[in-house]
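Here are my notes on this model, for a colleague who has it open. Please read them beside the structure.

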Amino acid sequence: MNDHRENSRYMERTAGRPHPWPRYLDWGLFLFMLVATAAGQAFAQDTVSPVASSAPIEFNILTQPLGSALNAFAEATGWQVSVPSELIAGKTSSGMTGRHQPEEALQSLLAGSGLTYRLTATNAVTLVQGGVPTSPAEIQPVLAEPRSEAPPAIADSKPVKVPEIVVKETRRRENQAYTVEEVSSATRIPVPVHDTPRSVEVVTKQVLEDQKVIRFSDALRNVSGVSQFSTQGGQGGSVMIRGFVSDLNVFKNGFRDDSTFSSRAQRDIINIESIEVIKGPPSYLFGRSDAGGVINQITKAPLKNPYYSAEMILGNYDLYRPTIDIGGPLNESKTLTYRFNGLYESAGSYRDGVRSQRIFLAPTFGWELGPRTTFRFEAEYLYDRTPIDRGLVAIGGGVAPIPVSRFLGDPTRKSESNSGKATLTLLHDFNDMFRWRTAFRAAVTRSRYSSLESNFLVGDETDGILNLARYEIPTTVQSHYLQNELHGKFETGPLKHKTIVGVELGREVSSASVSGDFGGDTSDPGVIPFSFINIFNPADRLFLNTPLTKFSNTKNVNDILGVYFGDHVSLLENLHLHGGGRFDYFKQKLVNRPNDFDSNQTEDSKTDLAFSPSIGLTYQPWKPIALFANYTESFAPPTDVPRSFNGNLFNPERGKAYEGGVKFQFFENRLRAKIAAFNIKKKNVLTADPLNGFAFSVATGEQRSQGIEFDIAGRILPGWDIIATYAYIDTRVTKDLLFLEGSRVPNSALHQGSLWTTYFLQEGPLKGLGAGLGMYAQGKRNGIFQCTDPANCQAPFELPGYVRMDAAVYYRRPEVFTRTNLIAALNFTNVLDQRYFTGTQNFREIIYTGAPFTVIGSVKLEFN
């Protein structure tokens, strides 16, 4: 894990002092004025209408989803097309090329879809089921949705200089639903969820909006068996999937976004379109990864249609968060497009004395170099400044009976980071069968970790005297990855293939020095004063500024080469096979530079080779039901060459997993459900050394996780959406010399579940008013590993189970002003003010707390 308490990887001082920021009001006015100005430019374009044309038109529409083909048809002809989204969901068009009359081209695009059309005006049509008259469907007032360059389902818009598809009905909420038709993370190529032989769950943009998610960690509660149990004191955090912890399982757009070489602060969702979670070992495509699964964040794409929004979020713990999201074309032909997401955040906390600050800027640009070639540039900048917060401590067999608001340290000391990322992606279609993808991602972070934090309880722990340790840790981390892939979509006889062959190159570098005071001043041999705080009476404390000792000064370099392949084969219309694998070469080098204990410089290196296979099968006895099973393996070398107390290096973790389950589709695919059972074993699992200190690791031998998961998401009735999960996961140590065999792994609850549901009124004067209700629950968990010999470990303790209730009320009104939509919400978290704890860090002195009753209010204006 990325934490000095576990492996001595740390942060580098940022040059200069913290930037002075404008006052809150100035920021809010600046952001709203920026959006208003951009919106005014959009209004100025609104007077141009599509031009009717009956002459033959040149078409170059390839085989693709029907919604994408209709978008291309509308842009080529200037026609307006209206269609309920469920009529085109899951349908594919064979395309159209050459010069044709518009009606002839439309008929060709609809061939085999079961749809026809009726003319509603000059150059305007409505699609209907073949031979079936149209009737108004249930419609909810939902607001303007930005459309990305990636072809979306047809949605509302208004004609601008280049003719668009226009759906004259108010856009349905299904277009922002709790489900998706396709995912790409499980195979690195788009495949329907129902055909994929893996457990794949998606947290959509609408779920993030309805729950008013601000941090990435809060979104994970919507996926069974997944949670972020540790914030690493306010840094990138550690995620648990199916009972296993890893610093390796978070990605962004297919690139590694771990807490060591990429995200050193809590991840934000301001530029996230959706989050895809793939359960089970993902090494067959993603390389070194934990056996539990992988989380892939999908970012927002540039827009071909003007869209401008500004939102103000306020919270009861002095949260102030203005955001903007704008995008559109940069030229008449819409071959140049952009998207920009930005925020400023200043916040207090329920934790005493804690204040944080962040700025996030994310520009994205798209360029259509030709009819078959596209280029995209994405960038991110994040500034984050927050105290290191280690939560509470354990007393006896449980958590100390003190308020969750009590901060056990010095909140005026901050961890400060500046991070930047840049991604370049080139896509080229050779023909209808093969596509080339080249993508490069570079990331760099400079951070300065400064803390006075909990260390250990002195003497009788019931006295409550907590020793505090001071750390100063400047760090610089860099990562560079290059991916080259060939995607294929073709047939060999009766077999339909979707294939991928790829090569990935990468280098990761971390440079850090760690200085600490070790809890006291040894200048007087008779007295060892140390910084401390009385956990029961925080006024009884002593914060010293003793000299620091540099006990670690390291540089880590990882070189990566991966070659991978996959083939999703449709053997029959209802039988799908996926097979693939990846060969990995991974070289690690650790340079121990001189420090205050050792004036010598040493260097160690280790090279690992691995092949990780995967095979899975999906069978659909009838369309709404899919039976699936798979076998996969994982490969996970340590992230930064951790050492044992004896100086030994460790072998990679290796995992094997078996999974089987059933997927369901209901109500014309508007509601999806999945039940899965799994068994995963992994060997050589590393954790912090409970006997010899934070800077060393031990391998726990073998761990096994098995269980059952249930997920359901989608629309039950008009206006009524739901997403719910349940997981029974039993994760235990099965072979070990140090830890007790048969004992449960820390932070893994046997039972875990969540529920979130919303309802919006469909008719009447209160149309657009809605409410949401939810809960999140975890059973009791072990706080630390249990040892065969108790003398080798801290005393065990448990975290109690809990149930947290959440709620929300909404009001959404389209056209509250001309071309302006309103979204207002009040979100309530932990309505019953439950005292709960999210997890530990395998120490009695680090227990992370959950927030008490919290209110977040938001007002958002959309212009289009």
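1. Basis. This is a predicted model, in which local features need pLDDT of at least 70, side-chain atom pairs count only at pLDDT 80 or more, and totals for chains, interfaces and linings use all residues. Residues are numbered from 1 along each chain as its sequence is written, and side-chain values use heavy atoms, with hydrogens and water left out.

2. The largest nonpolar core. It has 25 residues. A nonpolar core here is a set of buried Ala, Val, Leu, Ile, Met, Phe, Trp, Tyr and Cys residues joined through side-chain atoms within 4.5 Å. Buried means under 20% relative accessible area, exposed over 50%, and partly exposed in between (1.4 Å probe, protein chains only). Val203, Phe216, Val226, Val239, Ile275 and Ile295 touch the most other members. At least two core residues come from each of helix 5 (205-210), helix 6 (216-219), strand 12 (238-241), strand 16 (272-279), strand 41 (751-760) and strand 45 (802-817). Strand 16 gives the most, with three residues. Helices (H or I, at least four residues) and strands (E, at least two) are DSSP runs, numbered from the N terminus.

3. Val203. What does Val203 contact beyond its neighbours within four places in sequence? The partners are Leu208, Ala219, Asn222, Val223, Ser274 and Ile275. Contact means heavy atoms within 4.5 Å.

4. Two strands pair if DSSP finds at least two bridges between them.

5. Strand 17. Strand 16 pairs with strand 17 in the antiparallel sense, over seven bridges. Ile278 has Val294 as its bridge partner in strand 17. Strand 14 (residues 250-252) and strand 17 (residues 293-299) run parallel and are joined by three bridges. Here Val250 stands opposite Ile295. Ile295 is also one of the core residues listed in point 2. Six of the seven residues of strand 17 are buried.

6. A second open sheet has the order 11-12-13, with antiparallel pairing. The twist averages 35° from one strand to the next. Axes are lines fitted to C-alpha atoms, for helices over the stretch in contact, and angles run from 0 to 180 degrees between N-to-C directions. Strands 11 and 12 share four bridges. Gln228 stands opposite Val239 in strand 12.

7. Ser748. Is Ser748 buried or exposed? Its relative accessibility is 4%, so Ser748 counts as buried. Ser748 lies in the loop between strand 40 (720-735) and strand 41. Not counting residues up to four places away in sequence, Ser748 touches Met240, Gly243, Ile729, Thr731 and Arg781.

8. Aromatic pairs. There are 14 in the structure. Rings of Phe, Tyr and Trp (its six-membered ring) pair if their centres lie within 6.5 Å; planes under 30 degrees apart count as stacked, over 60 as edge-to-face and the rest as tilted. The ring centres of Phe666 and Phe667 are 6.5 Å apart with planes at 50°, so this pair is tilted. Both are partly exposed: Phe666 at 35% relative accessibility, Phe667 at 42%. Phe664, Phe666 and Phe667 form one aromatic cluster.

9. A stacked pair. Phe828 and Phe853 stack, at 6.4 Å centre to centre and 0° between the planes. Phe828 is in strand 46 (residues 820-829), and Phe853 is in the loop between strand 48 (847-849) and strand 49 (854-863), 25 residues apart. Phe828 is partly exposed at 23%, as is Phe853 at 32%.

10. Charges over rings. The charged end of Arg188 sits over the ring of Phe286, 4.6 Å from its centre. Arg242 lies over the face of Phe678, at 4.1 Å from the ring centre. The criterion is NZ of Lys or CZ of Arg within 6 Å of the ring centre and within 35 degrees of the ring normal.
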